[in-house]
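Dear colleague,

Please find below the structure that I am handing over to you. My notes on it follow.

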Amino acid sequence: MSSTPALVFEGVSKSYGATQAARDLDLSVLPGEMVTLIGPSGCGKSTALRLIAGLERPDAGRILVAGEEVAGPRRFVNPEKRRVGLVFQDHALFPHLTVTRNVQFGLHGLPRAERAARAAEVLELVRLGHLAGRYPHELSGGEQQRVALARALAPRPAVVLLDEPFSSLDENLRAQVRAEVVGVLRETGTTAIFVTHDQTEALSIGDRVVVMQGGRIEQADTPYRVFEQPATRFVASFMGDADFLRAHVHKALLTCEIGVVSTVPGWASADVDVDVVLRPHEVAITPEPGRNGDGPEVVDMEYHGAFVLHTVRLASGQTVRSWQPHSVRHPVGTPVRVSVVAGVTPTLLVGDHAVTAPPGTAS
Ligand SMILES: Nc1ncnc2c1ncn2[C@@H]1O[C@H](COP(=O)(O)OP(=O)(O)OP(=O)(O)O)[C@@H](O)[C@H]1O
């Protein structure tokens, strides 16, 4: 496999009037890599896709697809000339064309026999060969999405862009179609950029997750690091539930309102205030029946089926959340002791940024 990146963004910016939809984006995507793009509404995900597809021109920076500059200060390659395939949320199939003709649509440069052969090949790949003669309205939503994928793959693009491809499908179908689409992309070693609103989807299908906010990339990292070592306060709160407690590190011990949280190796000479990020699965609670005085107390219990989310109010008034297995249900009002699950190394923040070394030293 070539080591030339399938896609490169170099300092790419794009504004619409006063709105900076993409700010100085840098990203390099390897061939075969699957990248998920996530962030709140309006953070610039679609703009990033539109820039790659050539539906927008960057104001600054360069974009390369498979080593070829497709957008830059002196160059702009039209969408149809880029080696980029598109799959949208609403499938965007031509209603008056059969499945085969829809798939052949992107292959106009080829001789007729080759077009037919390639369309048949990609329809087999998405396991829809038997439905080649049908029209889009004769297909289920999941089948339509597989046709859209076949059409995007037919011209052998260097990158396939998928803009919320599963969001119009109902929840049960979504998991199945997602598995099929991801399977085909993996099987064919296709480089793919997925835009999604769904944190679990972003973490489960991405080799890398790119978290955006306000037109910027906050973190581009493996799913594990994005979740377990968020780079910023925003990433910590956006990718999963998180509570933030004021804390202090002294003599390499991290303490906060709930007591000693963990040791912080390498911080022996530090004496600093930080915020500690606690996720509900990292917080343990133990009932203290009959305890007197003010202390942590369950103020909410939400049953989620396999797990029960307990919200606990600490003496300071701040709340933390704790996931418990489904059989553990501490009713509202239960006095509890709160601690951090053994072995957890929580993320520490100074201001809005995660720190791995005491402030003022090289991290
Ligand atoms: N054609 C346009 N003209 C003016 N402003 C635009 C245009 N397209 C996007 N924007 C603005 O640019 C910002 C980024 O929009 P974009 O569609 O990229 O966000 P998004 O992350 O894809 O949002 P969503 O998740 O809601 O689809 C938003 O503030 C949006 O209002």
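The crossing of helices H4 and H5 is right-handed (the near helix is turned clockwise from the far one by less than a right angle). Helices (H or I, at least four residues) and strands (E, at least two) are DSSP runs, numbered from the N terminus.

This is a predicted model: local features need pLDDT of at least 70 and side-chain atom pairs pLDDT 80 or more, while totals for chains, interfaces and linings use all residues. Residues are numbered from 1 along each chain as its sequence is written.

The contact between the two helices involves Gly 141, Gly 142, Gln 145, Arg 146 and Leu 149 of H4, and Leu 173, Gln 176, Val 177, Glu 180, Val 181 and Val 184 of H5; contact requires C-beta atoms, placed from the backbone, within 7 Å. Five of these residues are nonpolar, four polar and two charged (Ala, Val, Leu, Ile, Met, Phe, Trp, Tyr, Cys and Pro are nonpolar; Asp, Glu, Lys and Arg charged; the others, Gly among them, polar).

The shell includes Tyr 16, Lys 45 and Thr 47, each with its C-beta atom, placed from the backbone, within 6 Å of the ligand. Helix H1 gives the most to this shell, with three residues.

Finally, an open sheet of three strands has the order E17-E18-E19, with antiparallel pairing; strands pair if DSSP finds at least two bridges between them. E17 and E18 (residues 307-313) are joined by six bridges, and Val 298 stands opposite Val 312 in E18.
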